[in-house]
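Subject: The structure we talked about

Hi there,

Here is the structure I promised to send over. Have a look at it first, and then read on for what turned up in it.

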Amino acid sequence: KSLIALIWLAAAGAAMAQATPAGLWKTIDDDGKTEKSLVRISEAGGVYSGKIEKVFDPAKQNAVCEKCSDERKDKPVMGMTILRGIKPDANEKGTWVGGDILDPNDGKIYKVLLKLVDGGKKLDVRGYIGMPMLGRTQTWVRVE
């Protein structure tokens with residue numbers, strides 16, 4: 001009985017982890033195929049942020065954000081916070097809003113909407129200007 005209870009508890013913990021965007025994500029380029037980086041999304045005080053932990057392209061391992069216009073200008077992309085200020089959407093379960101995302105390739109900052117899909121195994125990351133319908137979506141894959 002104790003073993004069964006322990007298994008149920010572990011399964012419940014894993015399910016809870018899948019119910020938020022917190023975790024390690026493999027970013028996939030807009031083409032839907034090219035793996036770009038690993039981003040760790042974490043939560044503190046109900047607010048989510050995400051940092052680049054790994055860049056897959058060896059030529060970009062030491063890249064800096066030359067085109068950034070904020071405090072991230074000329075800082076290393078590796079370890080950079082690219083998602084910030086994201087909170088759960090009060091109106092739509094499984095969706096997080098209110099923050100921004102940085103594209104370190106061009107230095108542009110977009111509003112962001114995160115939505116868990118495929119039971120939390122994937123994350124639709126939509127960067128936009130103005131309204132969400134005026135943007136683009138990448139689907140990231142959960143690593144852990």
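**The largest pocket**

Sorted by class, the residues lining the largest pocket are 18 nonpolar, 7 polar and 11 charged. In that sorting, Ala, Val, Leu, Ile, Met, Phe, Trp, Tyr, Cys and Pro count as nonpolar, Asp, Glu, Lys and Arg as charged, and the others, Gly among them, as polar. Before going further, please note that this is a predicted model, where local features need pLDDT of at least 70 and side-chain atom pairs count only at pLDDT 80 or more, while totals for chains, interfaces and linings use all residues. Residues are numbered from 1 along each chain as its sequence is written, and side-chain values use heavy atoms, with hydrogens and water left out.

Back to the pocket: the space in it comes to about 700 Å³. Of its 36 lining residues, Lys36, Leu102, Asp103, Pro104 and Asn105 are the closest to the centre. A pocket here is an open set of points on a 1 Å grid over the protein atoms alone, where a 1.4 Å probe fits and protein lies on both sides within 12 Å along at least five of seven lines; lining residues have an atom within 4 Å of a point. The volume is the space filled by probe spheres set on the points, which are joined across faces, edges and corners. At least two lining residues come from each of strand 1 (23–28), strand 2 (35–44), strand 3 (47–55), strand 5 (95–103), strand 7 (122–128) and strand 8 (135–142).

**The chain as a whole**

The chain has 1 helix and 8 strands, and along the sequence they follow the pattern α-β-β-β-β-β-β-β-β. Of the 144 residues, 31% count as buried, meaning under 20% relative accessible area; exposed is over 50%, and partly exposed is in between (1.4 Å probe, protein chains only). The chain exposes about 8,700 Å², and carbon and sulfur atoms supply 59% of that; these areas come from the Shrake-Rupley method with a 1.4 Å probe, and for residues only the protein chains shown count as cover. Among contacts (heavy atoms within 4.5 Å) with a separation of 6 or more, 38% are between residues 24 or more positions apart.

Gly23 sits in strand 1 and is buried at 11% relative accessibility. Its C-alpha is 5.6 Å from that of Arg40, 17 residues apart along the chain. Leaving out residues up to four places away in sequence, Gly23 touches Val39, Arg40, Ile41, Arg142 and Glu144.

Thr95, in strand 5, is buried too, with a relative accessible area of 2%. Beyond four places in sequence, Thr95 touches Lys87, Pro88, Asp89, Leu113, Leu114 and Lys115.

Val125 belongs to strand 7 and is buried at 4% relative accessibility. Val125 and Thr137 are 12 residues apart in sequence, with 5.4 Å from C-alpha to C-alpha. With residues up to four places away in sequence set aside, the contacts of Val125 include Ile101, Val112, Arg136, Thr137 and Trp140.

**The disulfide**

You will find 1 disulfide in the structure, taking that to be a pair of cysteine sulfur atoms within 2.5 Å. It joins Cys65 to Cys68, with 1.8 Å from S to S. The torsion about the S-S bond of Cys65 and Cys68 is about 80°, so the disulfide is right-handed. Cys65 is buried at 0% relative accessibility, and Cys68 is buried at 2%.

**Loop residues**

Most residues other than glycine have a negative phi. Asp74, however, has a positive phi near 65°. Asp74 lies in the loop between strand 3 and strand 4 (81–88) and is partly exposed at 46%. Asp118 also has a positive phi, of about 55°; its place is the loop between strand 6 (108–117) and strand 7, where Asp118 is partly exposed at 47%.

Lastly, Glu92 is in the loop between strand 4 and strand 5 and is partly exposed at 36% relative accessibility.

Best wishes

How values were computed
Helices (H or I, at least four residues) and strands (E, at least two) are DSSP runs, numbered from the N terminus.
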